[in-house]
Amino acid sequence: MTRVLIVDDHRLFRSGVRAELGDSIEVVGEAEDVETAVRAIAEHQPDVVLLDVHMPGGGGQEVLRRVLGSGSQVRFLALSVSDAAEDVIGVIRGGARGYVTKNISGKELTDAIRRVAEGDAVFSPRLAGFVLDAFASSEAPSIDPELDSLTQREREVLRLIARGYAYKEIAKELFISVKTVETHVSSVLRKLQLSNRHELSRWATARRLV
Amino acid sequence: MADQKTLAEQSGDRPYRRMMRPQEGRLLGGVAQGLATQLKLDPVVIRLMFVLLTVVVQGAGAVAYAVLWMVTPRQPYEGPPPQRDWSQLAAFSAIGMALFAFGWLTGASQGGIGMLPFAMGGIGALILWQQADPERRKTWVSGASLSMRKNRVRTLLGIVLVVIGGAGFLAAEGELPQIRDSLMFTVVVVGGLAVIAAPWLAGLWKELQLERRERIRQEERAEVAAMVHDSVLHTLTLIQRVAHDPREVSRLARSQERELRNWLYQPAQDADATLAAAVRRIAAEEEDAHGVPIEVVCVGDIDLDPAGKLGATLKASRQAMVNAAKYSESPSISVYAEVEGEEVTIFVKDRGKGFDLEAVPLDRMGIRESIIGRMERHGGAARIRTEPGEGTEVMLTMKVEKA
């Protein structure tokens, strides 16, 4: 049983998610802003926090900063209506282990939560597209070649995600196991979070509507 | 005794503040500072006034200072007396010396009582200058006109003094033929006038800027309001009307969502200029036409080529989307467009029922002609992967030379 805490400032959305999640998931609590979220996470110690990106009091990134900054091992899955590259890259670099948009189906969300609970990463097609775009647009020399570029295999996996393939389909396509697909995605996540390439942030900002 | 007590009480209650000599920040005795507090002026002005009076009117300033020092009580201060700012005191002394030297050199200080207008004009200008100094008056943002209104008395005083200076100039011109004296008065008058006009001009400029910013903000607000009104409210009304038809409701909601998203997150793009924008537009149109959500992910971008290779690729991709939306029965369609160097690839994938490619009759134009044939004619390639029950994916590749 995966214990989940829902952080979102829309009450209707919280109850909607609660109703959609399958039996394998127990919702242990809800929070509606940064303050209550930080308190509820400390109190309930959930396996996964479903985190809204835009919220009063600093948004999801502030929750990530305060909770992960205090050394907590709680895992976060960002759930947002926003498609802005800045938001997506922002929460991932803030420490979230995945990013899905709110129009995701209940079954897909349940899958994503399970995956994050197991320590894997969850990439939506759009996030995969952003990552490919961000790592492709590299003109400046990288500082750490290991962190600053994607391997051929990681690129393949991301492209398949962007094309709308499920992990199982990717595994079949590339003749690898689902576990290996998950490993590749987690490795991309790590690069995304740790690479201090300034282009990543710059790229995300440049994508913003001026 | 009783009478005295009432007197004391009365004096304690009266609205006038008694002038005191503060210990903190004083340069000599704190007289100038006390006077400044009393008159709500800057102490610098008062100090310069004393210096000016001392130099120009044969020590009158110094005498006045000494008298005030004697009659004004010291403001109570806790702790050890604070240090004087010697550098400032030196600066004022230097100004006095300079003025004296200037007067001596030009012969103006021999003018005696005739120099009084000069001093008055100077002091008037000083008072106005203090009002005009924008650095010192951070609160003075709302425009100079307001500040002028607020400090009407001081403004008036400044103007009167400048006018007296000006009158003195006329008198001096009659009495003293020396052109340098009249020049000096001219300088004072012109300076005074400039000082009077400066805050007004500065305020005008600031108001203009403020107005401009406000107008931009209002235009933005109007744009948002128009967006909400024209599309969001409109869609909500439509949704209520077709509430009985879930398919139509979701189509409307979806198209509105897409419109808002584009408006919020997508930079304004010309759909006729670049590939990514064109793919997004085609997907939006087909989504609207068929009511099936189409998720678009674009990586990289390229300008559309004049030769029409990309145009053909886009048409083929549209056909693939139409097929998926019409026949696959898939709940959603994924479109992925990638530009890598000179190679453009577009994937259109559904999770629908799929079909047997071999079994498609030859006369079905959709796949053979509109997709495969079109791509090959323009030097590209199309691949279709499908199996009954496995969904369909159409892959379009095209090589173009980058402009």
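Select G164(A) to begin: it counts as buried, because 23 C-beta neighbours fall inside 10 Å (buried means 20 or more other C-beta atoms within 10 Å of a residue's own, exposed 12 or fewer, partly exposed in between, with C-beta atoms placed from the backbone). You are looking at a predicted model, in which local features need pLDDT of at least 70 and side-chain atom pairs count only at pLDDT 80 or more, while totals for chains, interfaces and linings use all residues. Residues are numbered from 1 along each chain as its sequence is written, and chains are lettered from A and ligands numbered from 1 in the order in which they are written.

Stay with G164(A) and show the backbone around it. This glycine sits in the loop between α8 (152-162) and α9 (167-174) of chain A; helices (H or I, at least four residues) and strands (E, at least two) are DSSP runs numbered from the N terminus. Now display the contacts of G164(A), where a contact means C-beta atoms, placed from the backbone, within 7 Å. Leaving out residues up to four places away in sequence, G164(A) touches P125(A) and, across in chain B, E295(B), S334(B), Y336(B) and K349(B).

Next, select both chains where they meet. Here 14 residues of chain B are in contact with 13 residues of chain A. On the chain B side, the elements giving two or more residues are α10 (246-265), β1 (294-299), β2 (333-340) and β3 (343-350). The largest share, four residues, comes from β1(B).

While in chain B, click on V339(B), which lies in strand β2. V339(B) is buried, with 22 other C-beta atoms within 10 Å. Beyond its neighbours within four places in sequence, V339(B) is in contact with L275(B), G300(B), D301(B), I302(B) and V344(B). C298(B) is 41 residues away along the chain, yet the two C-alpha atoms are separated by 8.3 Å.

Back to chain A: select α6 (residues 125-136) together with α8(A). Their axes are 7 Å apart and the packing angle is about 140 degrees; axes are lines fitted to C-alpha atoms, for helices over the stretch in contact, and angles run from 0 to 180 degrees between N-to-C directions. That makes α6(A) oblique to α8(A), since angles under 35 degrees count as roughly parallel, over 145 as roughly antiparallel, 65 to 115 as roughly perpendicular and the rest as oblique. On the α6(A) side, show P125(A), A128(A), G129(A), V131(A) and L132(A), which meet R155(A), L158(A), R159(A), I161(A) and A162(A) in α8(A). By class, this contact has seven nonpolar, one polar and two charged residues.

Finally, select the strands of chain A. They include an open sheet of six, in the order β2-β1-β3-β4-β5-β6, with parallel pairing (strands pair if DSSP finds at least two bridges between them). β2 (25-31) and β6 (122-123) stand at the edges with a single partner strand each, so one side of each is left without a neighbour in the sheet. Zoom in on β1 (residues 2-7), joined to β2(A) by six bridges, and find T2(A) opposite I25(A).

Technical notes
Contact = placed C-beta atoms within 7 Å. Nonpolar A, V, L, I, M, F, W, Y, C, P; charged D, E, K, R; others polar.
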